[in-house]
Amino acid sequence: MCSFRLLLFLLVVIQFSHGFLSQLEAVLVKYKELFDDPESLTYDIPTPYMHAEYDFVVVGAGTSGSTVTNRLTEVPNWSVLLLEAGKDELIFTDVPLLAGHFQLTDYNWGYKAMRQEGACLGLEDQRCPWPRGKGMGGTSIINYMIYTRGHPKDYDGWEQMGNPGWGWRDVFKYFLKSENAMEDLADSPFHSTDGYLDVTRNVFRTPLIDAFIESGKQSGFKEIDYNSGELIGFSRLQVTQRRGARCSASKAFLRPIRKRANLHVAKEAIVTKILISPKSKTAWGVEFARNGQRYYVRARKEVILSAGAIDSPKLLMLSGVGPREHLQALDIKVLLDLPGVGANLQEHVSMSGLTFLVNETVGVIQNRVATIGPILRYINDGIGPLTLPGGVEGLGYLRTRVATTPSDYPDLELIFASGSLNSDDGQVVRKGIGVTDEIYNHVFKPINSRDAWTVWPMILKPNSRGWVRLKSKNPFAWPLMFGNYFDDPNDLEAIVEGIKFSIELNKKVAFQRFNSTLHGIPLPGCAFLRFGTDDYWRCAVRQMTTTLHHQCGTAKMGPVHDLSAVVDHELKMGYLRCLIFRFIFLLTACSIRGGAAFDFRTLSFALAQYRQIMSGPEGLVFDMPNSMLSAEYDFIVVGAGSAGSVVANRLTEIPEFKTLLLEAGKDEIMLSDMPVFAAHFQLTDYNWGYRTQPQKGACLGLNDQRCVWPRGKGMGGSSIINYMIYTRGHPRDYDGWEEMGNPGWGWKDVYKYFLKSENARGNLAGSPHHSTGGYLDVERIRYRTPLVDAFIKSSEEMGHKQIDYNSGELMGFSYLQVNQREGRRCSASKAFIRPIRHRPNLHVAKEAQVTRVLIDPLTKRAVGVEFVRNNRWHFVRARKEVILSAGVIDTPKLLMLSGIGPREHLESLNIPVVAELPGVGQNLQDHVTTTSVLFRINETVGLKEERLTQVGPFAKWLSEGRGPITISGGVEGIGYIRTPISRTATDYPDIELMFISSGLNADKGRVVRKSMGVSDAVYDAVFKPIDNVDAWSVWPMQLRPNSRGWVKLKSKNPFAWPIMSGNYFDDPHDLDIIVEGIKFVIQMSKSAAFQRYNSTVHDIPVPGCANLIFGTDDYWRCAVRHLTQNVYHQCGTAKMGPASDPEAVVDPQLRVRGIDGLRVVDASIIPRIPAAHTNSVCNMIAEKAGDMIKSDYKK
């Protein structure tokens, strides 16, 4: 009998006569989900049985309200009242194919936007319908059931706008918490099976969806799981269905818990106002109407608004919370002036009616599905065409040519349906969309019931913003709604590009097997334009504008300094909590309140959760727990620094290469993104804090006469604490490597790997010496002081030209090129790891310190590593290789701890020798400089901490990524010269001049000099007297040092620092070159360009050198020995070389000699230091290593 009722019901309603619904409702109201959920409808609490007070009052039983009610009532002593304006859903809503039909009933609020001139012109009254669900389940009972999560960058963007805890790493677990994945999705690492909400793929597919996927592949796109975090590609649809029937929010979250004693649900109860105490600004209850009567109920803890993007702001404004001027105009007492209420409305806009006709009966047509066969398949098995949600079968994501999004972020979604507006002869679907009779009869009626397919090109990141306002203070009146679509014309252009792409899809072989043809009858309002041109499509989009019912953003979440924010990151508004289905927002204002200066520890604490504002949209990399680590991987990469990040990226491009990346440190934080404060980060635990042995001829003015050797400890390695300077060196450097017996390492070989990594920005992007499309951003600093212009002009006065020092020409001067992304640090992790963090073959374990490489003593093969994490020892095996990218200090340390190194040294520490390689830890080279030369000036044009820490520069950086905070540690320019005593070729400089628009006095000795280890005695004597003076300085860096240092083990304890010595100035020629650089700079200071600032060399002598005449060569030699600095370019401690080189540790393939399955990929392998800042060189080495490893394994 029940089956007969259902069959009768479907036969009637499938005739698309929605007027029958009210007649059938009485028969079906007690018919509870036959062959579907076992849960009955939720009990409707009669008003007399309601309590006067609850702990929580939730307004709206939609997608959010149902969920939050479920979770709150998990706490037994919390009483919750859920108020819903609508009634229970019917069996009719369960049939996915009929989704559009239900939008024509009273289960839809029926909202329509106001008329606007540039959109919805072909719809009834030129008004766009905005369907919003009114019933248990809200819009989830009338939508198309499409389940998508968006892109990780969406949520990271929320966090970057000042909403800590809303990044992808934070919200991803909540998607999983809700989900109960079915069928093949259940086995995916990107889905879960423990939640209430069923998610599955369409259980039926037409041949047309296969053509859609195949045509995507023929266009160069791959098939993806768009809920994996990867969002460029094509896919079959994932839907919220259970055995072929709709799984609404009510069915998922409320019916299973309907018997909880602490839950009351009141249906057909329309909330009209939130009750707020005007003095304490505390929400204490709500007013609602039910059965023609007005009622009040109190909330002991919170009122939670889940009324949706239209009714939530409406209720706020009716309650006196909103824009003051608007509320006063309606004579509503203002309790809280929040201008953002009702503003910031965003919507995914599309176009309907793009139709392609086919010559086979393969589409979804009313007169075929409204037959006994499909109905019985649906009733008995939950399969067949009736399971298709409104006919939609697939999605495609692409990035159009007008996109302003990152390269892995689409700006358009293609919604594929195996039917079109003509498929039901215009009886229902086109009415739900609002298409006029005139347009339908002219364009679509001639093809009634013809097989067809369509694509709705939906813009994903609209720039246009609409609003919701009150029409009156009558709570039962519709609000005024305005979409403001295409206010930004780029929104329109993106949709046009989607149309053109869809037309090209239609031409692919996959669709042409059905003789697929674009339906070419022009729209009446666009007939004056040539069909198929961009102008025609612009007109068509404006005529056939369609929304996807994704309105959001009208009670925006944001920080206190965002004047358009309505709720904070905990969704609170005082004691009023507002929880709306989806927040989308835009940073519109940024300021810092408080004093002009602040402590950097305070800044770090305040910004710890605020990552990558307008910088890298990628979220942090998932830290794989020990319990989820595999016992064995193909490759184990040790160290997530400038080389390890790159090689992990390139290896995992091969899906079958399962890779583990082990990093001893943690994730970088916001402070490291601020370029000018690079030195500050070197005083944190993101720096290993290494210092050399006391030196006899260098670093004499530093604490304990020990040179400071900062090395990064964290995701990104030293690239999170360095000065971000991007230089490649001279072609002769790499040709020299090849001449030393390393084939394949000449300039002609390595140049392409520099380009492969690079994503040049700004004016560098058009240079033939740079490339775009790589992972690593390179740009010029986005701010200049007048002093760097003086530096460039003074060089021209002295006969030097301005160059691009990354062009291969290295004699001249230049503004700095840096690894920044819109004024923020672009670390190796941010560049190479975060964009690929969802690759299933990549596992990353942070705060995991490797202590030894495991080597089989018989086979002499590396079989894995030993590491410590959370104070516990762990072992993991490598099927193919262990790759050491631990850096120039820790890589030789690990080799020696593992028995690879100088025999005598290892045996003295009782370490069994596995492979005797005398060169391990030797050949250490570094670029040495000095901070001893500084010039005072008489204008406030330099960098001073008291000016940098004003509100203005900080706000400029936060909002635009510009201003002095973008200057990398104060370095603005570089010059290359060849000194008179040079031993290099005539086109090869021996000194790099790093120009800094400040001196060690810039922060009055608080941070920078401490990061360099300058002693109190030296600072107080030399620099403290000019604490309040503007200055500039140049660090003359020796490019081709002859001195060599070393790294040795102190003990066999893997946690003990190794012993290190730079052995600086062992060859006195290195010292003399730096002195020549100082003398050149002093001559620069006398140029007209610098003398306009009255530049004067600071002449207080360095203690220990006061016995020498200031300014003489002997004085400068002494000063350099006292104020020795390095630029953290240590390299060479696992030297690459041929078998004939007894000091070589690795061969030209970077394989450790005498050990199989072990490579070194970092600066340790450098045989001779190049004239480059070594971060980019490490990237290049890793890029080349990636190709070599793939080649070795035939990939």
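Student: How far apart do the centres of the positive and negative side chains lie in the chain?

Tutor: Happy to start there, keeping in mind that this is a predicted model. The chain carries 135 positive side chains and 127 negative ones. Between the centres of the two sets the separation is 3 Å.

Student: What radius of gyration does the chain have, and what would a compact globule have?

Tutor: Along the principal axes, the C-alpha atoms fill a box of roughly 105 × 70 × 65 Å. For 1195 residues, a compact globule would have a radius of gyration near 32 Å, and the chain agrees with that, at 34 Å.

Student: What share of the residues is buried?

Tutor: A residue counts as buried when its relative accessible area is under 20%. The chain exposes about 41,900 Å², with carbon and sulfur atoms supplying 52% of that area. Of the 1195 residues, the buried share is 65%.

Student: Why is helix α18 described as largely enclosed, and which elements do its buried residues pack against?

Tutor: Helix α18 spans residues 644-651, and eight of its eight residues are buried, so the rest of the structure largely encloses it. Those buried residues include G644, N649 and R650. Their packing partners are β26 (632-638), β27 (659-662), α21 (747-757), α23 (828-833), β39 (872-884) and α33 (1174-1192).

Terms used: Residues numbered from 1 in each chain as written. Predicted model: local features only at pLDDT ≥ 70, side-chain atom pairs only at ≥ 80, totals over all residues. Heavy atoms only, no water. Buried < 20%, exposed > 50% of the residue type's maximum accessible area, 1.4 Å probe, protein only. Helix = DSSP H or I, 4+ residues; strand = E, 2+ residues; numbered from the N terminus. Contact = heavy atoms within 4.5 Å. Rg over C-alpha atoms; globule rule 2.2 N^0.38 Å. Areas by Shrake-Rupley, 256 points an atom, 1.4 Å probe, with all protein chains shown as cover. Lys, Arg positive; Asp, Glu negative; His and termini not counted. Charge placed at Lys NZ, Arg CZ, Asp CG, Glu CD.
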